[in-house]
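Colleague: Thanks for making time for this one. Could you walk me through the model, one question after another?

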Amino acid sequence: MTERVRVAVLAGGPSAEHEVSLQSAQAVLKALPRDLYEPVAVIVDRRGRWPVELRRDLADVVFPVLHGPFGEDGVVQGHLETLGIPYVGCGVTASAVAMDKAAMRRAFLAEDIPVTPHVWFTGHEWRTTTDHWGLVKSLDWPMYVKPANMGSSIGISRVTSMEELRAGVDLALTYDRVVVVEQGVTAREIICGVLGGYDTPEASVPGELIVPGDWLDYEAKYLSRAEIAAIPAVLPERVAEDVRELALRAFRAIGGYGLSRVDFLYEEDTGRLRVLEINTMPGFTSRSVYARAWAASGVPYPDLLRRLIDLAFARSGS
């Protein structure tokens, strides 16, 4: 019998997305085919303390199911690079750029990828100006206020007045020193998964997020039992192809590798499509729209995990 590959599933961490990470890791651990893999759970606590020191004799490959700062922003990826251990997903640069909503948009704009109108500013700029409106005057209400480095809709506010804007910025600044404010757009929310290496990545069928209110917040994503996505999305064929093409362009714009989920806003009235963001380690829970999009594309969950692990070894030359 061939020796099984030891897979360290890395989860938890000090970010606000600790619980989401644990849910994702549980799903990965359960679905890894036991005839091929020997999974090892490595849970980092909320203070960033590791239960064990990762070494090649502990794990052949690492599956870092970490979301948000510390795990999805290139920090852990850099650590794994120094250890010489293959790992699933994007590398240091792509992870860092995708995690930073301001840097990500600069990368997209440099590649002529359409994004929503937005501004960004630092906490210092916000606190030292007497003209808060001047920082956002190029945008119209409603606006969405977001910490630059955070995911899972944590720290995000929809605002329609200066009073709400100030409260939203104050909330965002509890998570990061940079704030991004986006123009609200009336549109359908479309997602597309990307899977593959640097040269020949593939795009999944698009899906559509089901938004119960003005936007899909943390509670709707992870705490509600309501359906959160329709996969595949009902779209004109031309629009579906445009989604897939833009998803691949966004992936290449950040130097992506392994996997990403690209989120879009689709304005039906005008046919306009904008990239909202790219997530280099989307949720892997049982409700994960990334996994469901690939299942609808003919790649069931266990096969998806296997392909991601194979890509990790291919990048490292193992």
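Modeller: Happy to! Let me begin with a definition: helices here are DSSP runs of H or I with at least four residues, and they are numbered from the N terminus. Please keep in mind that this is a predicted model.

Colleague: Is L22 buried, partly exposed or exposed?

Modeller: Buried needs under 20% relative accessible area and exposed needs over 50%. The relative accessible area of L22 is 26%, so this residue is partly exposed.

Colleague: Which residues is L22 in contact with, leaving aside neighbours within four places in sequence?

Modeller: Contact here means heavy atoms within 4.5 Å. With the neighbours within four places set aside, the partners of L22 are A11, G12 and I43.

Colleague: And what separates the C-alpha atoms of L22 and M104?

Modeller: Along the chain, L22 and M104 are 82 residues apart.

Colleague: Which residue in strand 2 is the bridge partner of R6?

Modeller: Strand 1 and strand 2 pair in the parallel sense. The bridge partner of R6 in strand 2 is E38.

Colleague: Which residue of strand 3 does V9 stand opposite?

Modeller: In strand 3, V61 and F63 point one way while V62 and P64 point the other, and all are buried. The one that V9 stands opposite is F63.

Colleague: How far does helix 11 reach from its first C-alpha to its last?

Modeller: Helix 11 spans residues 301–316, which is 16 residues, and 22 Å is expected at 1.5 Å a residue. Its buried residues include Y301, L304, L308 and F313, and just after the helix G317 takes a positive phi of about 80°.

Colleague: Now for the open antiparallel sheet of four strands: in what order do they stand?

Modeller: Strand 4 (118–122) and strand 6 (157–159) have a single partner strand each, so one side of each is left without a neighbour in the sheet. Strand 5 (residues 143–147) and strand 7 (residues 178–183) pair over five antiparallel bridges, with M143 opposite Q183. The order is 4-7-5-6.

Colleague: Which strands does helix 7 lie across?

Modeller: Helix 4 (residues 101–110) lies across strand 4, strand 5 and strand 7, at about 140° to strand 4. Helix 7 (residues 162–172) runs at about 20° to strand 5. The strands that helix 7 lies across are strand 4, strand 5, strand 6 and strand 7.

Colleague: How many disulfides does a search of the whole structure find?

Modeller: A disulfide needs two cysteine sulfur atoms within 2.5 Å. The sulfur of C90 has its closest cysteine sulfur in C192, 14 Å away, which is too far for a bond. C90 is buried at 2% relative accessible area, and C192 is buried at 0%. The number of disulfides found is zero.

Colleague: Last one, on overall shape: what radius of gyration does the protein have?

Modeller: The protein has 11 helices and 13 strands, and its C-alpha atoms fill a box of roughly 65 × 45 × 40 Å along the principal axes. Of its 318 residues, 55% count as buried. Among contacts between residues at least 6 apart in sequence, 70% join residues at least 24 apart. A compact globule with 318 residues would have a radius of gyration near 20 Å, which agrees with the protein's value of 19 Å.

Notes. Residues are numbered from 1 along each chain as its sequence is written. This is a predicted model: local features need pLDDT of at least 70, side-chain atom pairs count only at pLDDT 80 or more; totals for chains, interfaces and linings use all residues. Side-chain values use heavy atoms; hydrogens and water are left out. Buried means under 20% relative accessible area, exposed over 50%, partly exposed in between (1.4 Å probe, protein chains only). Helices (H or I, at least four residues) and strands (E, at least two) are DSSP runs, numbered from the N terminus. The expected span of a helix is 1.5 Å times one less than its number of residues. Two strands pair if DSSP finds at least two bridges between them. The radius of gyration is taken over C-alpha atoms; the globule rule is 2.2 Å times the number of residues to the power 0.38. Axes are lines fitted to C-alpha atoms, for helices over the stretch in contact, and angles run from 0 to 180 degrees between N-to-C directions.
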